[in-house]
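The exercises below ask you to work through one structure, and each task is followed by a solution in steps. Please look at the sequence and the coordinates before reading the solutions.

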Amino acid sequence: MQHTKISLALLLSLLAIAGCKKDTTTEQENITRVVVHLTGSGGFDQEFEWSDPDGGDISNATIDPIVIPATAGNTLNCHIHVYDDTKTPAEDLTEEIEAENNVHLLVYNVTGANVGVAYNDTDGNGKRVGIETVWTKGAASTGSVNIKLYHEPTDKDNLNAPGGEVDFDVTFPVTVQ
Amino acid sequence: MFNSKACTAGLCLLCVVGALRGQDCHLPLRGHVVEAGSNEPLAFASVYIPEAHKGTTTDESGYYAIPNLCENTTYTVEVSHVECAHFTQMVRLTENAETDFHLNHNAVLQEVVVHEKATAPAATQAESNVSKADLQAGQGVNLGETLKRLPGVTTLNTGATISKPVIQGLHSNRIAIVNNNVVLEGQQWGSEHAPEIDPFSADKITVVKGAAGVRYGVGAMGGAIVLEPAALRDSAGWGGWVAAGGFYNGRGALLAGATDWHLPGSSLTFRVQGTAKRSGNLRAPDYYLGNTGLAEYDFSTMAGWKTRRWNHEISLSTFNQQLGILRAAHIEDTTTFGAAIRSDVPLNNRDEFSWRISRPYQLIQHNLIKYRTSLRISEKWKFSGQYAWQYNNRREFDAHPPLSDPQDLLHKSQLSFRIWTNSLDAALEHYPIRHWQGGMGVQAIQQLNYVGKGGLIPDYQTFGAGLWAMERWQRYPIPWEFEVGARYDYRYSNVTTSGNGNNNLDEQLQFGNVSGTAGAIYRFSHKTRLSLNSGLAWRPPHVNELYAEGVHHGSATYERGNPDFKPEKAWNTNLNFQHRDGRRDVSLTVYRNAIQDFIYLQPRQSFVRTIRGTFPLYTYTQNDAVLYGLDGSFSLPLTSFLSLESRVSMLRGYATKSDSASDANATAWLPLMPVDRFQYGFQWNGKGNEPAFVRVMAMTALRQTRYPAGSLYKAPPPGFTTLSLDAGYTFAIGKRKLELGLNLQNITNVRYREYLNFFRYYADEPGFNAALRAKYLFG
């Protein structure tokens, strides 16, 4: 009888401890900032930011217009950075995308502006990724570039419908000077 | 209850004479006389009370009643039947008791068993019990699917594995699930959060339909599902059961067992019970449903001990489940969603069998510790007290692992909700005093809900208190019975931290409201009754409805709450007719549930842009609404072997006041109301009480034509008919028993989709399934 009581008490306290242990392994992911980093000739080196620090509805997002000056040369290197600002400090998600590059694909769609985008990186299977791209500039023009990050695309060769899920979908205004 | 050892017939005659003075002599001696081995009713048995010079004979169902006997009096009862031994028994009468006599055929010296059972007061509200056959057939599937066989009960599904019970159109936070006397406190607000219940642990399941706020507290607006475990063994020794089952669809297997050990020479009894279940991908008629496997293990233990006046019970239980979610339904952007709903077959589906449960999946744990005690204060009064601790941990794992921390990918969930609940209940109840029976009680509850940062809902802590009283009047042989009850509940919540777009939230919410019930029963005879019940119940808006802000995975919608919502209040009236005569069983209920400030999701015909794309906006809306309908269940014997079985559920739900821009003259139908369903078939029973049965049932569900305009991406699925078969046979092996069961679902392998399944956009319901079960009962 006494023994039963003790083991019951023990079991109760064990359950209580298990229940109250703080679970630190859970994190919700929010991409809130996408940075387009362009470098060109003549020392051109500039970051353009798409940012919505509170997540959710993006009607209050701030977007830097991408302006490519005439002095920047005809080909520019582009590097994408992705952040989560809901964490303190802000979390850089770019490395994780690179680490899992065979299940990620960035797709660029330029409208209006005279800019060509070519992939400049490959994943473990030799397929494109799109974190690194080369932008070729044409005549002066204005328009926009839409960048989508696809997760687990089913067909990396079909840029119109790669499948999988869209992790982000952002559009920058673009001016070629 | 009665002291037959000390009393001799002579002494008792004196008791009777002594007691006659000033005694209330309105009670009946009533019950059934049955054959002990087979439980077959014995017709034309004679029941005679020499002290009162009164007697009667049983009818064809074995029923007898001798009216106008005196309360708290011991009588000699002589029971005789031509085929059985004549015998005499002392019986002491109390109100609300039935006395059953189990006679042995042509037995000379075998014992006669007398069962005196306190009859639980009949509910004035509509109720349905899961029959033994349905309960057995349901073992191995989840609670929702078990209950779906009852009229007026259906399920709200998220795929084939997640199933929530819906009572007369209401579900989630609007119904109470009461397991072993404890109201389940989980994450019931979510449509993809199934109740954390192991149906194997229940010996009896009752569905109370309509507002049951007085009995079950805040939230029981649509009714309650009451699960009761088998009573602990009351004689010394071992006993228990082992069950095993196999399922064709999903290639599932289950193993369950329980054992009771009653210590000799004491009143101490222990029980351990466990269930383990595992199944793989289910198959629709044309393809496998990728990632729909399930793993579950549940364990519970109970201990009970009794003294002359005290009765203590302590129980611990744990429920653990891993549920795979159809990969093809995991959609987070509108483009993919559009393609998925246009396709007739699931896109991105792994059409192959696998046991593997991969992302997306849910990992759910529910632990409970309960202590309950009751004290018999006097002949008339009883006290009971209960403390319960519950911990619910729900983790949801997205299709893809989080981007951060790649070394630890598989162990990370995207969402986690944890709830700790402490509840304390105390009640003082009395047996009939001047024909009134009832009680009063208090409840206190504390609940802490913790969500990981960036979750869909904020964190909150709630404190609550409730006070209730309920009384019932019954005076035999007056055919009327009345019941009244009232309850007041108060809830205080402190809502903190952040959900999406709700940074730095710190709100204090207070809600208080009254629940009430009033009912009457009129008995035409002991076989036929009509009951009317009217009840009030309420619930405070859930934090989800107040503060939701974000994309809902799987449905590709952006959901937004409204912090100004008022509590929902329901006024439910139901009229229930019941006729039970042997195998003939007819039950018919009509109901109307008027809900003030009903909260539901309404499409806004506008869009919200997020970083993942543009999503249609759904906002939680509050309007007055009415739900009304009809539930029926019929079992009509055709021959001595065969009976006709039928169940009907029909429901209409509309908003009486609507802020939607639609045509003012059009009815504002509520979204997600169950479709009309009809079940019909035959049941064959072995002659008399032969332990064999076969039942073949067809179920027809109609197409839902009543839904809010613009609320659906795809028209409701067409109606369908499925065919099922249940069969059972029980072997007696000495005192032990072996129960065998077979049930076949969707026999014709029909391709269909359910309106109340969120995954109807993506895939068909599972096809043909066969389940074979064996249960061995010992001791």
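**Exercise 1.** Which element provides the largest share of the lining of the second largest pocket?

*Solution.* The model is predicted, so to speak, throughout: local features need pLDDT of at least 70, side-chain atom pairs count only at pLDDT 80 or more, and totals for chains, interfaces and linings use all residues. Residues are numbered from 1 along each chain as its sequence is written, chains are lettered from A and ligands numbered from 1 in the order in which they are written, and side-chain values use heavy atoms, with hydrogens and water left out.Step 1: a pocket is an open set of points on a 1 Å grid over the protein atoms alone, where a 1.4 Å probe fits, with protein on both sides within 12 Å along at least five of seven lines, and its lining residues have an atom within 4 Å of a point. Step 2: the second largest pocket has a volume of about 410 Å³, a volume being the space filled by probe spheres set on the points, which are joined across faces, edges and corners. Step 3: its lining consists of 25 residues, and those nearest its centre are A:Gly163, A:Gly164, B:Thr335, B:Thr336 and B:Ala339. Step 4: two or more lining residues each come from β7 (104-111), β10 (141-151) and β11 (165-176) of chain A and from α5 of chain B, where helices (H or I, at least four residues) and strands (E, at least two) are DSSP runs numbered from the N terminus. Step 5: α5(B) gives the largest share, four residues.

**Exercise 2.** Describe the fold content and the burial of chain A.

*Solution.* Step 1: chain A contains two helices and eleven strands, and along the sequence these follow the pattern α-β-β-β-β-β-β-α-β-β-β-β-β. Step 2: 45% of the 177 residues of chain A count as buried, that is, under 20% relative accessible area, whereas exposed means over 50% and partly exposed lies in between (1.4 Å probe, protein chains only). Step 3: among the contacts in chain A with a separation of 6 or more, 62% come from residues 24 or more positions apart, a contact meaning heavy atoms within 4.5 Å. Step 4: the accessible surface of chain A is about 8,300 Å², with 52% of this belonging to carbon and sulfur atoms; the areas come from the Shrake-Rupley method with a 1.4 Å probe.

**Exercise 3.** In what order do the strands of the open four-stranded sheet of chain B stand, and which strands are at its edges?

*Solution.* Step 1: two strands pair if DSSP finds at least two bridges between them. Step 2: the order is β3-β2-β5-β6 in chain B, with antiparallel pairing. Step 3: β3 (54-57) and β6 (87-92) of chain B each have a single partner strand, so these two stand at the edges and one side of each is left without a neighbour in the sheet. Step 4: neighbouring strands of this sheet are turned against each other by 25° on average, direction ignored, the axes being lines fitted to C-alpha atoms, with angles from 0 to 180 degrees between N-to-C directions. Step 5: strand β2 (residues 46-49) of chain B is joined to β3(B) by four bridges, and in one of these pairings B:Ser46 has B:Thr57 of β3(B) as its bridge partner. Step 6: the loop between β2 and β3 of chain B holds B:His53, whose phi is positive, near 55°, although the residue is not a glycine; B:His53 is exposed, with a relative accessible area of 64%.

**Exercise 4.** Trace the partners of strand β19 in chain B.

*Solution.* Step 1: strand β18 (residues 252-262) of chain B pairs with β19(B) in the antiparallel sense over ten bridges, with B:Trp261 set against B:Phe270 as its bridge partner. Step 2: six residues lie between the strands of this hairpin, where B:Gly265 has a positive phi near 70°. Step 3: β19(B) also pairs in the antiparallel sense with strand β22 (residues 294-306) of chain B, over eleven bridges, and B:Phe270 stands opposite B:Ala303 there. Step 4: in a regular strand the side chains alternate between the two faces of the sheet. Step 5: in β19 (residues 269-279) of chain B, B:Thr269, B:Arg271 and B:Gln273 are among the residues of the covered face, while the uncovered face includes B:Phe270, B:Val272 and B:Gly274.
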